[in-house]
Amino acid sequence: MIKRVLSHLLLAAPLLCSVFGMTAQTETGPRSIQVQERGITAKSVHVSNGDRILQKPYYQYGQQLYIVFEELEGLVRENDQMHPNLDITLVSKQGDTLFSEQNLYGPDNSVAGIPDTSFEFSIQLSNSVTSNGAYTMYGTVRDTKSSNEMEFLLDFNVVQNPDITAIPEGLNYADVFLESNDRNRIVTNNVIYKNEMVSLSLKEVSGYLVKDGKVNLRMDYTVTEASGAVVLERSGYTIKSGDPSEMKTVPVACSFNLGEADNPNFDSQASLRLTAEITDMNSDAKVKVSTKLYVIE
């Protein structure tokens, strides 16, 4: 199978609501995506997490999704190569277009050929989406050598990482997540490496007080073993001091590395717990966050 990974972190093509009826069926059961075939057909079109097909349209914030097209027919072959292109549009439940781009693989006359009849593209659910939101992805797979195409539609919901709990006490947020600075990706399974830099990030924080034109947020955090033994502890960590105009676009984040643990002999085979408290130093507002960590060498 040919994999084409989109560089964009949030995707989506022309509004096609009126052309879709019941979910299309395959020999192995219902597709997780609604499909309208117009010259291009596929044995299966589905959503995967890379390991298995996802049947329910509830995806975690930051999750990597793969849209898989298996055994495509209707693409013209030239020199044993096919040249499909892709248009994608992402729309919120409120009808706002969050992302729209045509010709994701370049101009039709320069699309690289693929020898296989199956391919997939991937997206990461971040940036334009937030947890507890509902979205629709519209897409069109087009044959650049003919007028054949296949339109698809995916309705889905984005949910927060269930292993992270946050209790707002005056400070609110749109999303909270773990992020690997070294791997440049959101960590959705709470598995981190012992010697990597990891950030606890809060997106679109609000409820803070601006004084003298500045925001002043601090974080205290502790990583503990199940027994309560402290692995890493920091207090008075300044995570935001300055221009409040950035609060809508730049997540509030605190980074840590368990390779710098106060207790380097901690049991890395057992789960750890990160607890953090983010405080607005200009007021009494705060938010408390807790999550499990699974460490691998």
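**Side chains in contact**

Mentor: Tyr237 counts as partly exposed, at 30% relative accessibility. Please keep in mind that this is a predicted model.

Trainee: And Tyr221, is that buried or exposed?

Mentor: Tyr221 counts as buried because its relative accessibility is 5%, and the cut-off for buried is under 20%.

Trainee: How are the rings of Tyr221 and Tyr237 arranged?

Mentor: Their centres are 6.2 Å apart and their planes stand at 70 degrees, so the pair is edge-to-face. Tyr221 belongs to strand β18 (residues 215–224) and Tyr237 to strand β19 (residues 230–242), so the pair links distant parts of the chain, 16 residues apart.

Trainee: How many aromatic pairs are there by this rule?

Mentor: The count comes to 9 aromatic pairs. One of them joins Phe69 and Phe152, whose ring centres are 5.5 Å apart and whose planes are at 65 degrees, so this pair is edge-to-face. Phe69 lies in strand β7 and Phe152 in strand β12, so the pair ties together parts that are 83 residues apart in sequence.

Trainee: Are Phe69 and Phe152 buried or exposed?

Mentor: Both Phe69 and Phe152 are buried. They also form one aromatic cluster with Phe119 and Phe121.

Trainee: What does Phe69 touch?

Mentor: Leaving aside residues up to four places away in sequence, Phe69 touches Ser44, Val45, Thr117, Ser118, Phe119, Phe121, Val141, Met150 and Phe152.

Trainee: Which residues touch the most other members in the largest nonpolar core?

Mentor: They are Phe69, Phe121, Met137, Phe152 and Phe156, in a core of 38 residues. The elements that give two or more residues to this core are β5 (41–48), β7 (64–73), β8 (84–92), β10 (119–124), β11 (133–143) and β12 (149–159). Strand β12 provides the largest share of this core, 5 residues. Another core lies apart from it, with 35 residues, among them Leu200, Leu217, Ile239 and Phe266.

Trainee: Let me change topic to charges. What sits over the ring of Phe266?

Mentor: The charged end of Lys194 does, 5.0 Å from the centre of that ring.

Trainee: And how many salt bridges are found in the whole structure?

Mentor: The search finds 13 salt bridges. In one of them, the side chains of Lys288 and Glu169 meet at 3.6 Å, N to O. This pair links distant parts of the chain, since Lys288 is in strand β22 (residues 286–296) and Glu169 is in strand β13 (residues 164–169), 119 residues apart. Lys288 is partly exposed, with a relative accessible area of 33%, and Glu169 is partly exposed as well, at 37%.

Trainee: Which residue forms a salt bridge with Arg183?

Mentor: Glu196 does, and the closest N and O atoms are 2.8 Å apart. Arg183 is in the loop between β14 (175–180) and β15 (185–187), while Glu196 is in the loop between β16 (191–193) and β17 (197–203), 13 residues apart. Arg183 is partly exposed, with a relative accessible area of 33%, whereas Glu196 counts as buried at 4% relative accessibility.

Trainee: How far apart are the closest N and O atoms of Glu277 and Lys286?

Mentor: They are 3.4 Å apart, and the two residues form a salt bridge. Glu277 counts as partly exposed at 23% relative accessibility, and Lys286 is partly exposed with a relative accessible area of 21%.

Trainee: Which residues are linked in a network of salt bridges?

Mentor: Asp87, Asp108 and Arg142 are linked in such a network.

Notes: Residues are numbered from 1 along each chain as its sequence is written. This is a predicted model: local features need pLDDT of at least 70, side-chain atom pairs count only at pLDDT 80 or more; totals for chains, interfaces and linings use all residues. Side-chain values use heavy atoms; hydrogens and water are left out. A salt bridge is a side-chain nitrogen of Lys or Arg within 4 Å of a carboxyl oxygen of Asp or Glu. Helices (H or I, at least four residues) and strands (E, at least two) are DSSP runs, numbered from the N terminus. Buried means under 20% relative accessible area, exposed over 50%, partly exposed in between (1.4 Å probe, protein chains only). A nonpolar core is a set of buried Ala, Val, Leu, Ile, Met, Phe, Trp, Tyr and Cys residues joined through side-chain atoms within 4.5 Å. Contact means heavy atoms within 4.5 Å. Rings of Phe, Tyr and Trp (its six-membered ring) pair if their centres lie within 6.5 Å; planes under 30 degrees apart count as stacked, over 60 as edge-to-face and the rest as tilted. A charge sits over a ring if NZ of Lys or CZ of Arg is within 6 Å of the ring centre and within 35 degrees of the ring normal.
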